[in-house]
Amino acid sequence: MPKCFSFTATKNRCLKSSFSSRGLRSTFTDLKDGTVMHCWVPKTRKPTRPDVVLIHGFGANSMWQWSETVRILSRHFNVYVPDLVFFGDSYTTRPERTESFQAQCVKRVMEANSVTKMSVVGLSYGGFVAYQMVAQFGDCVEKAVICCAGVCLEEKDLKEGLFAVSSVEDAANILLPQTAEKMRELMGYTFVKAPAKVLPSCLLTDFIDEMFTQYVCRGEEEFSHLAIAKDRKLSDLPKITQPTLIVWEIKTNISLSGPQIEKAFRGECSAGSH
């Protein structure tokens with residue numbers, strides 16, 4: 001029996017209206033290789049303003065993760081907010097599932113919008129994608145902000161307890177929840193004061209049905225290719241030289257510890273600033 005009302009779907013419509021009121025419009029870019037990317041772009045790009053790309057993490061679509069940020073940044077920047085492949089309305093028939101592939105897709109969307117110079121902001125999984133954009137397209141990316149993303153994570157770090165889970169399967173079950181119980185567990189990791197205890201299961205289930213069901217298997221594949229890949233080594237991480245700001249939350253347990261990230265950027269990754 002179909003649901004009569006979905007709080008999540010209603011909130012989604014409100015977010016679309018909010019993005020539109022901030023001067024953004026919804027676009028679809030066919031990359032002509034089986035990949036279609038959805039992205040919020042300025043209705044009217046202002047040449048005097050810098051261009052910034054906001055790259056979301058695992059979970060809901062980009063609107064849910066960047067709505068407050070867009071409200072602030074849209075006053076001063078040309079803001080671009082893509083849905084990564086298999087999140088929101090972006091998809092591909094290609095087999096690639098790496099953050100490197102995601103970065104290439106985002107870059108091609110920016111090219112389609114005639115943006116040649118930009119700054120990137122990546123949150124969680126989006127931080128991995130943003131790092132790859134800097135590494136691959138350094139002549140185009142001027143500055144980067146990496147938020148709560150353990151880009152320097154190695155396989156051995158799991159065994160040493162630096163991550164909240166010990167396997168890809170456990171991480172996927174948390175970051176791509178399929179039950180209200182798992183959704184509460186995720187919120188417990190990601191919020192300092194988690195509201196999940198006071199939220200009824202029906203609302204959590206509604207959110208899962210709207211946001212996590214369609215591409216869950218492909219999302220698990222993305223995660224397995226991402227931060228906990230077998231034999232991943234810090235020494236293999238590409239070095240970057242662009243000015244880079246690292247942001248992390250010491251009271252949550254989703255990402256690698258802040259000092260470890262800072263060490264990677266200052267020593268191994270040669271980031272320009274911190």
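How are helix 1 and helix 8 oriented to each other? I looked at the axes and found helix 1 and helix 8 oblique to each other. The two pack at an angle of about 60°, with their axes 8 Å apart. Angles under 35 degrees count as roughly parallel, over 145 as roughly antiparallel, 65 to 115 as roughly perpendicular and the rest as oblique. Axes are lines fitted to C-alpha atoms, for helices over the stretch in contact, and angles run from 0 to 180 degrees between N-to-C directions.

Ground rules for these notes. The model is predicted: local features need pLDDT of at least 70, side-chain atom pairs count only at pLDDT 80 or more, and totals for chains, interfaces and linings use all residues. Numbering starts from 1 along each chain as its sequence is written, and side-chain values use heavy atoms, with hydrogens and water left out.

Helix 1. I checked its length. Its 15 residues should span 21 Å at 1.5 Å a residue, and the end C-alpha atoms are 21 Å apart, which agrees. The expected span is 1.5 Å times one less than the number of residues. Helices (H or I, at least four residues) and strands (E, at least two) are DSSP runs, numbered from the N terminus.

Next, burial. Thr-8, Ala-9, Asn-12, Leu-15 and Phe-19 are the buried residues of helix 1. They cover an arc of only 115° around the axis, which puts them on the same side of helix 1. The arc is taken from the directions from the helix axis to the C-beta atoms. On the other side, Arg-13 and Ser-21 are exposed. Buried means under 20% relative accessible area, exposed over 50%, partly exposed in between (1.4 Å probe, protein chains only).

I then picked Thr-8, in helix 1 (residues 7-21). Thr-8 is buried, with a relative accessible area of 2%. Leaving aside neighbours within four places in sequence, I find Thr-8 in contact (heavy atoms within 4.5 Å) with Trp-64, Asp-206, Phe-207, Glu-210 and Met-211. Just after helix 1, Gly-23 takes a positive phi of about 90°.

Helix 2. Ser-62, Met-63, Trp-66, Ser-67, Val-70 and Leu-73 are buried here. They fall within an arc of 155° seen down the axis, so they line one face of helix 2.

Strand 8. Strand 7 (residues 141-147) runs parallel to strand 8, joined by four bridges.

Notes. Two strands pair if DSSP finds at least two bridges between them.
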